[in-house]
Amino acid sequence: MKVTVVGYWGAYPAAGSATSGYLFEKDGFTMLVDCGSGVLSRLQQFIKVTDLDAVVLSHYHHDHIADIGPLQYASLVQNTLHETKRVLPIYGHNQDEEQFDKLTHHYTKGIEYNPDETLQVGPFTIEFQKTQHPVVCYGMKITDGVHTVTYTADTSYFEGWSDFTEGSDLLITDTNFYRGMDGAKAGHMTSEEAGKIAQKASVQTLWLSHLPHFGQLTRLRQEAEDEFHGNIELAEEGLSWNG
Ligand SMILES: [Zn+2]
Ligand SMILES: [Zn+2]
């Protein structure tokens, strides 16, 4: 599978970029995980909107769903122009009914996932991990049967993360704070905590993402390096992993 960073900022996008959005591709199937602010624009550098086969959402904070509305308009416009009736499935949890109901539109269909069960989306099998965050949020462990990628979504640190991540090749973490800061109050992690999970779970590669709008971002990487001895990348648009 191929994983590409479409957006990587926490909270809001810096100029010309996007908040959370990760593109998963395998054998021509394309799945977008989270669809934050700016994602629809940046996504089109990699694929056509009409090539998207599925969307999976971790939670309903703006920086993860802001572009769902524009994506629904894009589906409507493209289906109308091409006289097609292609419905895009958008998977989300149903523990916030008002938000879940908004996933269904003319050519998108909200589909509830059960976080206690594995979800099959095209060639991908997804396991969920409830995170510690101010709203209900699920991290994901995504495998194509050969390789495995874990995405923490938004969460503060807790012990269970390394067990859940075990067996993953790539780990994408919420790294919204620097070492020594208290990320837990806001429901996010620090560079040090991200590195700790990667080291305990023995992943090959760690991507630090959901980045903050303050401080020197390269410091996040140095701080994670003190904990994790594998390959570390600071997320940036277009960063990709082939496994
Ligand atoms: Zn977020
Ligand atoms: Zn959030």
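Reader: Which elements cover the buried residues of α6?

Author: In this predicted model, the elements that cover the buried residues of α6 include α5 (160–165), β11 (170–174), β12 and α7.

Reader: And which residues of helix α6 are buried?

Author: Helix α6 spans residues 191–201, and its buried residues are Ser191, Ala194, Gly195, Ile197, Ala198 and Ala201. These residues lie on the same side of α6, because they cover an arc of only 160° around the axis.

Reader: Why would residues a few places apart point the same way?

Author: An α-helix has 3.6 residues a turn, so residues three or four places apart point the same way.

Reader: What follows α6?

Author: Serine 202 follows α6, and its phi is positive, near 55°.

Reader: You mentioned α7. Which of its residues are buried?

Author: In α7, the buried residues are Leu220, Glu223 and Ala224. They share one side of α7, because their arc around the axis is only 100°. The elements they pack against are α6, β12 and β13 (231–234).

Reader: Let us change topic to the metals. What coordinates the zinc ion (ligand 1)?

Author: Four residues coordinate the zinc ion (ligand 1): Asp63 through OD, His64 through NE2, Asp154 through OD and His210 through NE2, at 2.1 to 2.2 Å. Along the sequence, the spacing of these donor residues is D-H-x89-D-x55-H.

Reader: Where in the chain do histidine 64 and histidine 210 sit?

Author: Histidine 64 belongs to helix α2 (residues 62–65), while histidine 210 is in the loop between β12 (205–209) and α7 (217–225). The two are 146 residues apart, and the pair links distant parts of the chain.

Reader: Is histidine 64 buried or exposed, and what about histidine 210?

Author: Histidine 64 counts as buried because its relative accessibility is 0%. Histidine 210 also counts as buried, at 3% relative accessibility. The cut-off for buried is under 20%.

Reader: What angles do the donor atoms of the zinc ion (ligand 1) make?

Author: The angles among its four donor atoms run from 88 to 159°, and the site of the zinc ion (ligand 1) is irregular. To count as tetrahedral, four donors would need all angles between 85 and 135 degrees.

Reader: Now the zinc ion (ligand 2). Which residues coordinate it?

Author: The zinc ion (ligand 2) is coordinated by His59 (NE2), His61 (ND1), His133 (NE2) and Asp154 (OD), at 2.1 to 2.3 Å. Its donors are spaced H-x1-H-x71-H-x20-D along the chain. This site is irregular, with angles of 90 to 165° among the four donor atoms.

Reader: How far apart are the zinc ion (ligand 1) and the zinc ion (ligand 2), and which residue coordinates both?

Author: They are 3.5 Å apart, and aspartate 154 coordinates both.

Reader: Are histidine 59 and histidine 61 buried or partly exposed?

Author: Histidine 59 is buried, at 0% relative accessibility, whereas histidine 61 counts as partly exposed because its relative accessibility is 25%.

Reader: One last topic. How many cavities of 30 Å³ or more does a search of the whole structure find?

Author: The search finds one. The largest cavity has a volume of about 30 Å³.

Reader: Which residues line the largest cavity?

Author: The lining includes Tyr22, Tyr151, Thr152, Ala153 and Ser209, as well as Asp154 and His210.

Key
Residues numbered from 1 in each chain as written. Chains lettered and ligands numbered in written order. Predicted model: local features only at pLDDT ≥ 70, side-chain atom pairs only at ≥ 80, totals over all residues. Heavy atoms only, no water. Donors = N, O, S within 2.8 Å, 3.2 Å for Na, K, Ca; no water. Tetrahedral: all angles 85-135°; square planar, octahedral: opposite > 155°, others 65-115°. Helix = DSSP H or I, 4+ residues; strand = E, 2+ residues; numbered from the N terminus. Buried < 20%, exposed > 50% of the residue type's maximum accessible area, 1.4 Å probe, protein only. Arc of directions from axis to C-beta. Contact = heavy atoms within 4.5 Å. 1 Å grid on protein atoms, 1.4 Å probe; cavity = no way out; pocket = protein on both sides within 12 Å on 5 of 7 lines; lining within 4 Å. Points joined across faces, edges and corners; volume = space filled by probe spheres on them.
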